[in-house]
Amino acid sequence: MRRLTRAVGLSAVVALTGLAATACGGGAEAEERPAKSSAPASSAATPSSPAPVTEKPAPEAALLKGAAKVVRPEIAPANGEKVGVGQPVAIVFKQQKVAKELRAGIEGRLKVSTSPQVPGAWHWNESKGDTRVHFRPEKYWPAGTKVTLDARLAGVKLAEGTAADRDRTISFTIGDSMVNTVDLKTHKMTVVRNGKTLRVISVSGGDESKGFGTREGVKTILAKEGRVVMDSLSIGIPRNHPDGFYGSYDYSMRETISGEYVHAAPDNAESFGKENVSHGCIGMSTADAKWLYELTLKGDVVQVTGSTRPKPMDLFGNGYGDWNLTWEQWLEGSALGVRSGA
């Protein structure tokens with residue numbers, strides 16, 4: 001029986017995070033784990049008339065003329081994209097530390113405007129040599145929200161001798177709410193769109209008995225990659241090994257940089273709804289995978305529950321694990337706290 005691993009080609013989002021893709025469910029272990037008290041954000045829409053937010057004043061950002069090193073931050077999503085309700089605004093300073101005493105001034109230069117108004121907050125993280133700052137609301141974005149980031153970072157000091165390179169503005173739109181819940185115990189995926197259950201799909205997840213469990217918690221779709229070539233050699237398993245394989249899989253949607261996908265897996269058809277046999281991917285019939293692929297946007301939510309040996313989703317650096325932090329935990333990583341979205 002074939003079992004799933006990694007894509008040979010890397011998507012743009014893999015380049016953004018700077019990690020090598022490995023096997024389905026394999027690769028780098030989580031550097032940080034969600035706190036036991038953490039709870040995924042609900043999919044309930046933020047009220048259209050939010051309570052007034054008193055923003056903490058931002059200090060002046062430190063500027064650095066003639067910096068010896070200039071860093072161009074990478075920003076997601078792209079300008080003009082339509083994305084799912086779980087997509088954060090993500091800014092990555094690749095292989096660059098950002099001094100903590102400078103972060104409040106930098107946050108003050110990162111203006112997020114939303115229509116309708118949706119308050120949110122930035123959160124800083126350092127992992128694998130990168131510094132990330134992500135913006136998200138308390139709950140998933142309301143469907144149809146228009147978001148604009150005005151990043152006025154030209155010449156802003158990041159560290160001694162280092163500055164950001166330019167100002168940038170991006171605008172994107174939140175599409176329909178898509179929140180998919182995978183129960184590894186019942187081997188079912190429940191697809192909920194705009195609060196309505198559209199389909200319950202029989203699936204097969206990662207084989208926990210062999211250490212290939214699917215990461216538990218909230219993830220988002222990072223990229224829709226279509227047909228993906230998967231090869232067990234990428235995790236050191238020979239193709240002629242009982243757990244080895246090589247083949248193409250259709251309607252593949254990436255959830256983690258380390259190689260978890262949702263995709264068609266017709267060679268595992270006898271396991272759908274019955275057992276978990278993959279290396280971490282969520283497999284389903286070609287018909288169900290095609291149907292889901294056509295409905296899905298980058299940033300749609302996939303929440304995994306029911307593990308017998310839980311392997312929590314990485315919070316940062318392996319995709320978007322942002323929603324595994326409670327709102328209180330999220331605010332602990334912010335220099336300025338809640339911003340109004342106005």
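Helices (H or I, at least four residues) and strands (E, at least two) are DSSP runs, numbered from the N terminus. This is a predicted model: local features need pLDDT of at least 70, side-chain atom pairs count only at pLDDT 80 or more, and totals for chains, interfaces and linings use all residues. Residues are numbered from 1 along each chain as its sequence is written, and side-chain values use heavy atoms, with hydrogens and water left out.

**View 1. The whole protein chain.** The secondary structure comes to 4 helices and 21 strands. Of the 342 residues in the protein chain, 56% are buried. Buried means under 20% relative accessible area, exposed means over 50%, and partly exposed lies in between (1.4 Å probe, protein chains only). The accessible surface of the protein chain is about 13,700 Å². Carbon and sulfur atoms hold 51% of that surface. These areas come from the Shrake-Rupley method with a 1.4 Å probe; for residues, only the protein chains shown count as cover. Take the contacts (heavy atoms within 4.5 Å) in the protein chain with a separation of 6 or more: residues 24 or more positions apart account for 75% of them.

**View 2. An open sheet of 4 strands.** The order is β3-β5-β8-β7, and the pairing is antiparallel. β3 (74-76) and β7 (121-127) stand at the edges; each has a single partner strand, so one side of each is left without a neighbour in the sheet. Neighbouring strands of this sheet are turned by 15 degrees against each other on average, direction ignored. Axes here are lines fitted to C-alpha atoms, for helices over the stretch in contact, and angles run from 0 to 180 degrees between N-to-C directions.

**View 3. The pairing of β5 with β8.** Strands of a sheet pair through backbone hydrogen bonds, either parallel or antiparallel. Strand β5 (residues 89-93) and strand β8 (residues 130-136) pair in the antiparallel sense over 5 bridges. Two strands pair if DSSP finds at least two bridges between them. I91 stands opposite V133 in β8.

**View 4. V83 and its contacts.** V83 lies in strand β4 (residues 82-83). V83 counts as buried because its relative accessibility is 0%. Leaving aside neighbours within four places in sequence, V83 is in contact with P77, F172, T173, I174, G175, L297 and K298. I221 is 138 residues from V83 in sequence, yet their C-alpha atoms are 9.6 Å apart in space.

**View 5. E260 in a loop.** E260 sits in the loop between β18 (246-254) and β19 (261-264). Its relative accessibility is 0%, so E260 counts as buried. The side chain of E260 reaches the backbone nitrogen of R215 at 2.9 Å.

Note on methods:
Polar contact = N/O pair within 3.5 Å; in protein donor to acceptor, adjacent residues only side chain to side chain.
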